Amino acid sequence: MSEKQTVICRCEEITLEEIKETVERYKCSSREVKLRTRAGMGPCGGRTCRARIDRIVEQLGGPSVSNEVSLSYRPPVRPVSFGVLGGESK
């Protein structure tokens, strides 16, 4: 399977090739990869791909993972109707 076809972040459909290109171009950390590509920002909140992205960045010589500003996990997204947001009861 080629790098173009290897999907690292399934939620946002970010490939290994996109992550590698981003790290090589910007010499960025895994946090910056997340912000530049949206890898780890999908409905799973990075639970599936975050560790993989950290390893890829480290292997490519990017900054090692630090605990200064950690990437946070987000709760899964759930659809909410405008009626619920507006306070209407069913």
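Author: Just after α1, K27 takes a positive phi of about 50°. The model is predicted: local features need pLDDT of at least 70 and side-chain atom pairs count only at pLDDT 80 or more, while totals for chains, interfaces and linings use all residues. Residues are numbered from 1 along each chain as its sequence is written, and side-chain values use heavy atoms, with hydrogens and water left out.

Helices are DSSP runs of H or I with at least four residues, strands are runs of E with at least two, and both are numbered from the N terminus. In α1, residues 16-26, the buried positions are L16, I19, T22 and V23; buried means under 20% relative accessible area with a 1.4 Å probe, protein chains only. These four lie on the same side of α1 because they cover an arc of only 135° around the axis, taken from the directions from the helix axis to the C-beta atoms. An α-helix has 3.6 residues a turn, so residues three or four places apart point the same way. The cover over the buried residues of α1 includes β1 (7-9), β2 (14-15), α2 (30-37) and α3 (50-59).

S29 sits in the loop between α1 and α2 and is buried, at a relative accessible area of 18%. Leaving aside residues up to four places away in sequence, S29 touches V57 and P63, contact being heavy atoms within 4.5 Å.

In α2, S30, V33, K34 and T37 are buried. Their arc is only 100° around the axis, which puts them on the same side of α2. The buried residues of α2 pack against β2, α1 and α3. R38 follows α2 with a positive phi, near 75°.

Notes:
Buried means under 20% relative accessible area, exposed over 50%, partly exposed in between (1.4 Å probe, protein chains only).
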